[in-house]
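Please look over the sequence and the structure shown here before reading on. The briefing below takes up backbone angles and charged side chains in turn.

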Amino acid sequence: MTISYKWLSQYLPEELEPEKLSKILTSIGLEVESLEKFENVKGGLQGVVIGEVLECVQHPNADKLKLTKVNIGSGEPLKIVCGAANVTTGQKVLVATIGTTIYPTNGQALTMKVTKIRGEESQGMICAEDEVGLGTSHEGILVLPATVQVGTKAADYFKPYTDYTFEIGLTPNRMDAMSHLGVAKDVCAYLTHHNKAEAKPKTPFYQYF
């Protein structure tokens, strides 16, 4: 049986880290066969920030490349070589900074480093939506609304969903644990015993009653 960490946590009276909760479940007879992280956007957009293109000029050694300077809200503007036809001054864009690993929708993961492209230094990457796993379009870089604050983390803006899933091996006599609420009741019994204080499951649906 698969249990969502976030769903289960909504029923619990206190916050427990996934690893600790995994040990508790196994100790009460709900053996955790696996604990895996789930991300609807692989990498969770970590290291990707929202920047503004301050300057965009033709690359001197390549007809299809542009030299840009991008403000990311801290430090000096980044010099980034960009091959997108739609890049221009004034845009709010997604920037994968040096050291960031991006996970394209189709393709291999790529870690950013300072490189030279046709003799010009590039300090990161202005991204299309498919290059960071947000969609499938590769027609050009993803241009964001002008109102977005420079320096905002892409993860804070797009809020990709992350969770952990427990794969629990249930025996036929544990029908009580075939729901998130049932599992929460068992965890609360454990907490009551070990904390010497009564722990009761919460309901995340109180607003509907």
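This is a predicted model: local features need pLDDT of at least 70, side-chain atom pairs count only at pLDDT 80 or more; totals for chains, interfaces and linings use all residues.

Residues are numbered from 1 along each chain as its sequence is written, and side-chain values use heavy atoms, with hydrogens and water left out.

**Lysines with positive phi**

- K159 is not a glycine, and yet its phi is positive, at about 50°.
- This residue, K159, sits in the loop that runs between helix α3 (154–158) and strand β13 (162–169), where helices (H or I, at least four residues) and strands (E, at least two) are DSSP runs numbered from the N terminus.
- K159 is exposed, with a relative accessible area of 62%; here buried means under 20% relative accessible area, exposed means over 50%, and partly exposed lies in between, for a 1.4 Å probe and protein chains only.
- K196 is likewise a residue other than glycine with a positive phi, in this case near 55°.
- The position of K196 is in the segment after α4 (180–195), and K196 is exposed, with a relative accessible area of 69%.

**Salt bridges and their surroundings**

- Side chains of opposite charge can pair when their charged atoms come close.
- A salt bridge is counted when a side-chain nitrogen of Lys or Arg is within 4 Å of a carboxyl oxygen of Asp or Glu, and by this rule the model has four salt bridges.
- One of them links the side chains of K37 and E39, with an N to O distance of 3.7 Å; K37 is exposed at a relative accessible area of 52%, whereas E39 is partly exposed at 26%.
- Another joins D176 to R174, whose closest N and O atoms are 3.1 Å apart; D176 is partly exposed, with a relative accessible area of 39%, while R174 counts as buried at 16%.
- In a further salt bridge, K200 pairs with E198, and the closest N and O atoms are 3.9 Å apart; K200 is exposed, with a relative accessible area of 54%, and E198 counts as exposed at 63%.
- Salt bridges that share partners also bring R174, D176 and D186 together in one network.
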